[in-house]
Amino acid sequence: MDWIKKYRKSPEFVAMVSALIMGYITHNFALVNVMHNIDDIGNQPYGYGVGLTSGRWLLTLLGDTAQSFGLNLNLPFVNGLVFLILISIAAGFLVSVFAIKSKLSAGMIGMLLVVFPSAATALIYRFTAPFYAMAFLMATLAVWVSERQKWGVLLAALLITCSLGIYQAYVALSIGMFVLLLIQRAFLGEPIPALLRRGLRACLTLILGLLGYFLCLKICLALYGTVLSDYNGMNNMAGLALKNIPGQVVKAFYDFCKFPLTNYCSLAGNKLIKIAYLLLGVASFGLVLYLLFQVKKDVIRVAAVILLLAAFPVGVNFVEVMSPGAWMYTMMVYAFVLVPCAPLILLECIPEKVWRPAVVKCLSVVTIALIMAYGYQIHANYTANYYINRQTENYISSIVTQVRMTEKFDADKKWALLGNIQDPLLDSPWEYELSNGGLFGTERTLNDISRYYWFWTYIGYRLPMADAETIENLRALPEVKSMPCWPAEGSIKVVGDTVVIKFEELS
């Protein structure tokens, strides 16, 4: 067991332990409280979300299998802990890929992976968080395998195929790691022919992985007798026109460059985070200039590095290239975690110099400040979501109470909820602290299609809903049109065998 003792002293182990400890501290609130967003509330007491029709063929297979064994319950602590363990393992592999020798750097990389906003958003979708963590781990492991194993390309391609089959956006993590690894090896002096072979192997791995994904997807769609939905451009992903790719590449590059300034996908939600990224950007620029100066006589190497540096932003934001016109939100851009990791990885290329310890200290201070700022932002989001959940619960409860007090009401009546709630007194002070994608304020939560699940989950009242034809007929009745809007007196009325709750004026 000497290898165990040796591993416990390695940077990889430090990254794993740091990620697990910081992850538990940061996300403890989500682990021990029951919180929902508009998707999570609909997956009670079990569910894995939208699978095959969104191109996630392996998510459907894993979710159905887990459900058949009764292992797919939406459990905050269990699902959250599994998520953190898998991300922590991924942190160890990421540190191994880049051969990080500094335990301090390894520890900070591990912490960055679990405090990044995408991790918090994944835990809000906790019903599927363990599966997404598996996809993240496989995307990381694919790069490790391709570099370490004799037949690594085939195995890595299989891992990418499976990662895409759970959550397509995490392929950007593999791409970003491949590009960053090439940059690191170029600065470390790897011969150009070897560097070229490494790059070709990475491209082959990604191409085989994508081909495998589309093949498995086509097979599963045929077996299940279904088609891809048009949600977020999923049905267009395989048919991306070549003529549109240059424009998408430019957009991905542009959005990457502006993300700290514009809070792109909620990745820079407060001023401290923006300042930290500014300082990390300056540090990265300085490190790159220094390293380029060291190899300035090797023109081919300098040109290769510049091309790779230009490719890195597109790589980590590759989901924009894959899904043109898609709504981008926090969970889709987990690959951006490589941005704050990049200076720590580049630091490994700097030889021992008198000034190196000072650079390490400054970079560590800024990185730890970013970690703390992200942790603070995550707690703010969790707290805000907690209060929005309570407001939604109380509001739904008040609606049920008013309906039960309505004249002629009985349990056999159907319910018709007409329009969206537009209560002028409805306000949520914590709503303004929400920043992560996937979280919404009280009004949006109340008006989403999943609002029926709030009645069922929190009030224990499964609404006997009127059908679409009945609702359309009710909307046309003069009696209903003349009703005032909620919460005014008379906004609830029994019409025939239906309880009508009119939330807004009907067009």
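Leaving aside its neighbours within four places in sequence, which residues is R356 in contact with? They are L347, E348, I350 and P351, where contact means heavy atoms within 4.5 Å. This is a predicted model, in which local features need pLDDT of at least 70 and side-chain atom pairs count only at pLDDT 80 or more, while totals for chains, interfaces and linings use all residues. Residues are numbered from 1 along each chain as its sequence is written, and side-chain values use heavy atoms, with hydrogens and water left out. Helices (H or I, at least four residues) and strands (E, at least two) are DSSP runs, numbered from the N terminus.

- R356 belongs to helix 16, which covers residues 356-404.
- With a relative accessible area of 14%, R356 is buried; the term means under 20% relative accessible area, with exposed over 50% and partly exposed in between (1.4 Å probe, protein chains only).
- A120 sits in helix 6 (residues 117-124) and also counts as buried, at 2% relative accessibility.
- Apart from neighbours within four places in sequence, A120 is in contact with H27, I378, Y382 and N436.
- Between the C-alpha atoms of A120 and I207 there are 30 Å, and the two residues are 87 apart along the chain.

- Two packed helices are described by the angle between their axes and the distance between the axes.
- Here, axes are lines fitted to C-alpha atoms, for helices over the stretch in contact, and angles run from 0 to 180 degrees between N-to-C directions.
- Helix 3 (residues 57-68) packs with helix 7 (residues 129-148) at about 135°, the axes being 11 Å apart.
- That angle makes helix 3 oblique to helix 7; angles under 35 degrees count as roughly parallel, over 145 as roughly antiparallel, 65 to 115 as roughly perpendicular and the rest as oblique.
- The crossing of helix 3 past helix 7 is right-handed, meaning that the near helix is turned clockwise from the far one by less than a right angle.
- On the helix 3 side, L58, L59, L62, G63 and A66 meet F131, Y132, M134 and M138 of helix 7.
- By class, this contact of helix 3 with helix 7 has eight nonpolar, one polar and no charged residues; Ala, Val, Leu, Ile, Met, Phe, Trp, Tyr, Cys and Pro count as nonpolar, Asp, Glu, Lys and Arg as charged, and the others, Gly among them, as polar.
- Helix 3 also crosses helix 8 (residues 152-166) at roughly 75°, with axes that come within 5 Å, and the two helices are therefore roughly perpendicular.
- W57, L58, L59 and L62 of helix 3 meet T161, C162, G165 and I166 of helix 8, a contact with six nonpolar, two polar and no charged residues.

- An open sheet of three strands runs in the order 1-3-2 with mixed pairing; two strands pair if DSSP finds at least two bridges between them.
- Strand 1 (414-418) and strand 2 are the edge strands, each pairing on one side only.
- On average, neighbouring strands of this sheet are turned by 25° against each other, direction ignored.
- Strand 1 and strand 3 pair in the parallel sense over five bridges, and L418 stands opposite K502 in strand 3.
- Helix 19 (residues 468-476) packs on the sheet and touches strand 1, strand 2 and strand 3, its direction making about 60° with that of strand 1.
- Strand 2 (residues 492-495) and strand 3 (residues 498-502) are antiparallel, with four bridges, and V494 has V499 in strand 3 as its bridge partner.
- These two strands form a hairpin with two residues between them, and G496 in the turn has a positive phi of about 65°.
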